[in-house]
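Please open the model in a viewer and keep the selection tool at hand.

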Amino acid sequence: MDYQFAAIEKKWQKFWAEHQTFKAEDKTTKPKYYVLDMFPYPSGAGLHVGHPLGYIASDIFARYKRLKGFNVLHPMGYDSFGLPAEQYAIQTGQHPAITTEANIATYRRQLDQIGFSFDWSREVRTSSPDYYKWTQWIFIQLFNSWYNKTADKAEPISKLVEHFEKYGSTGIDAVCDEEVLSFTADEWRALSDNDKQAELLKYRLTYLRESTVNWCAALGTVLANDEVKDGFSERGGYPVEQKKMMQWSMRITAYADRLLKGLDTIDWPEPLKEMQRNWIGKSVGALVKFRIIAPPKPSPVGRASEESAAKVSPTGGDLEGAIEVFTTRADTIFGTTFLVIAPEHELVEPLTTPGQKTTIEAYINQTKKKSELERMAEAKTVSGAFTGSYAINPVNGEKIQIWIADYVLAGYGTGAVMAVPSGDQRDYLFAKQYNLPIIPIIDIQNIETEADPTKEGRYINSGFINGLTYKEAAATVIAKLEELGAGKAKVNYRMRDAIFGRQRYWGEPVPVYFKDGLPHLIEEKDLPLVLPEVDKYLPTESGEPPLARASNWKYQASPKSSPKERTLKEGEAASLSFGEGRGEAYEYELSTMPGWAGSSWYWYRYMDAHNDKEFASKQAVEYWKNVDLYIGGSEHATGHLLYSRFWNKFMKDLDLVIEEEPFKKLINQGHIQGRSNFVYRLIDDAGQGTNTFISHGLIKQYKTSPIHVDVNIVENDILDINKFKVWRPEYKNAEFILENGKYVCGVEIEKMSKSKFNVVNPDNLIERYGADTLRMYEMFLGPLEQSKPWNTNGIEGVFKFLRKFWRLFHDDAWNFNVSDEEPTKAELKSLHKIIRKVEEDVDRFSFNTSVSSFMIAVNELTDLKCNKRAILQDMVIILSPYAPHICEELWVLLGNPAGTLSYTPYPKFNAAYLIEDEFAYPISINGKTKINLNISLSLESKDIEAFVLANADVQKYLDGKAPKKVIVVKGRIVNIVL
């Protein structure tokens, strides 16, 4: 029977599911190998052909490692909390869980039909209460921890409390808020319970703080920077503004140095590691204080002298105050001619003089319309506003203006910069625009047309560092600042603490309630805190998050005695629930966790997916350790991949896991780009579009307008006109100007998206060619890491290859026909070439070259008319990771038990079969090649001549004539001259 791919694939997909063929073992003597894909968000559109690329690659590798004797864990699940399902709920009223469940069903059907060897017994869904119970539990551990810089690790906050009770704040070196109290042990014990709770919140690894966020009122939520474009939400195109809100944050900055150092220990793409290094942004420099000259107070007659201005504190009033600036170029401080602070900076209001108030407010409102990414990206244009206030340069006493500008961000460094226009281009442009001084500070600086950041030459116009070199000057300035009490050396990080909250419904509830305005944890026995039912999925009319709509959703705190009435047990102070309510009801936190929460630890849940006692057993974690191979997109470099490393290091600190890094090796698969097709609408003399369409080869003769057309009604760039006419009502009566009787479409490579009608649904290809063809074709397109355009036109060749492979096992009447004869040397050579080639290719993830090699091998075996079991059975094993369905069918036809192929040992390579002991000599007569003869390479020229002349076929060509001469070039050719 010919190759019946549809029936074969359904048969084996059913078999794998029923027999759980790919279920990983938890106890085995085999070495372990953990292969993981970044799990998908189940969108309503389902998969297009670009999505499975990484999944196919990881599946080939997982299947290959099983053949190599490994116990392979290759799971799959769903990152199932997401904004699209919630937006659909807002529009329709349908609960996001219902939408998500339907989307997952589509994804599961599509994944199954591609033949992935996932261990579905371990499936996880981040939106399942059984799963997010442990996401909430990890949040609790973070809340109950602080970062001890001396130990360089997170520790239970009970240890911090114990230290405070014995020694006060003396000797504590922690990652914490800038403003923390100094106190003795007696003073700590004298604090109220609420004051203690408030102070500890400054140390906890997850905490509440006022943050500047991207607020989208239409969506009713905070958006991440990558969800905002040109001041509008990426989803829906709604206006977004910068807004200050109380938000949960996580102290990822505590791990900044470990996150940097860890990059040197993992096998990740260097460009991605560099992206993380830049995001973390370690800088060595100095913290400098510029004393503020306060705005003048209005005099009784409405005027005041600037010279009599009072000094201002960060909170206003007549107290001392200073602006702190972090700089990596303290050596340039003498070139500072103005200060710039972020529009959101807390000092903006007290620094703004009455005369500048209107200008400053207008500028702040303008800034709110830009995202942080946009503000950082605008390098060529600058804008700002003068506050009316001044500061003093600490090294020369010069009075300099204080401005606000959107290129300074409140969350980066201190939210203020010392502007040195001679050495920084953005400062240079700003100074030029607002006519501010530009002072050269190095003797070789050329600042006529732009800033010059050189470190060469010697300093001028720079007081006590005049004549020094860069290295001498930098150290000298920092020493002077420390002597003056105006600064100190400091290591700074560009990365900020991660905002950990969204004002939306469809996310993990935060396991926190509030008492006296302070956050308290719910008890672990009350986990999971499940999402409540609400009447609408929108914020309330008063602007509260959707969870505020829940009826009677409050926490009933368990009655407990006061800690003053009993001795605290080990670790109990960690919760800091001093004087908790006695059965009282309290308001829950109304925000939900961000999208990255559930994906920051999910690989551990796969290790022990059904454990209801812990996130994963100690035994499971010790066995599987971490992920050996992780495949996913580079777009997650500074999101999921960074947060996952952060959480993993934290869990390692608490001895919950044993590895410092979660993913040993990472591969970023490239994108499959769309191959768009176009039709060309004829434009009439009036400039109006007609209902006539011009074939691509003729468009230079007419005025036309290109229109995207659905690629699924185009084959080999030829439009199916009948399908086009029913594609959209307006094209029902369309007319066409053809070339050679066909309508040829235009082509362009673009991002694959529904709006460009270039999305290719894998369902259609599988129906037409089969899943094995799709799997091999996606690999055949090019190197895994590179982006490449999709072109359905080439898939036919891969289908023909598989059919040719199938034919090796069948005779001309399609009857199964395999011989037990011993294979020839040529057949063994072809087999062992592909054994070695596939091993080498898979180990270096060069899957595209393997597909080419398979085609060559099958062509060779076809030419050799090989149907030997000894050859074909090994070929089935080698090809099975790439085309598992056809190989499972052939494996059984060869007489092997069903289901054993996946765990059969990979064939052993034997180099002896590749040693060339014969050569196929071309035999020429009077210079024209007639036949090829396999002749031993060990024969000398006279023996070769005798062998050739004795051959019956050669004698036929000689036709009884005696050769005048026989020319033998050993190992190359034999030429007979008549």
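Select K868 to begin: K868 sits in the loop between α24 (847-863) and α25 (869-879). Helices (H or I, at least four residues) and strands (E, at least two) are DSSP runs, numbered from the N terminus. Is K868 buried or exposed? K868 counts as buried, because its relative accessibility is 8%, where buried means under 20% relative accessible area, exposed over 50%, and partly exposed in between (1.4 Å probe, protein chains only). Next, display the surroundings of K868: with neighbours within four places in sequence left aside, K868 is in contact with V818, S819, E821, E822, P823, T824 and E827. Contact means heavy atoms within 4.5 Å.

A note on the source is needed here. This is a predicted model, in which local features need pLDDT of at least 70 and side-chain atom pairs count only at pLDDT 80 or more, while totals for chains, interfaces and linings use all residues. Residues are numbered from 1 along each chain as its sequence is written, and side-chain values use heavy atoms, with hydrogens and water left out.

Now select β3, β4 and β5. These strands form an open sheet of three strands in the order β4-β3-β5, with antiparallel pairing; two strands pair if DSSP finds at least two bridges between them. The edge strands are β4 (153-156) and β5 (174-175), each of which pairs on one side only. Between β3 (residues 145-148) and β4, which run antiparallel, there are four bridges. Which residue of β4 is the bridge partner of Y147? The partner is A154.

Move on to V969, which lies in strand β35 (residues 965-969). V969 is partly exposed, with a relative accessible area of 33%. Select I967 and I973 as well: I967, V969 and I973 form a nonpolar patch on the surface, with about 180 Å² of accessible area together. Accessible areas come from the Shrake-Rupley method with a 1.4 Å probe; for residues, only the protein chains shown count as cover.

Finally, select the whole chain. Its secondary structure comes to 28 helices and 36 strands, and 53% of its 978 residues count as buried. The C-alpha trace spans about 130 × 75 × 70 Å along its principal axes.

How values were computed: Patches are made of residues with over 30% relative accessible area and no salt bridge: like charges are joined within 9 Å, nonpolar side chains (Val, Leu, Ile, Met, Phe, Trp, Tyr) within 5 Å. A salt bridge is a side-chain nitrogen of Lys or Arg within 4 Å of a carboxyl oxygen of Asp or Glu.
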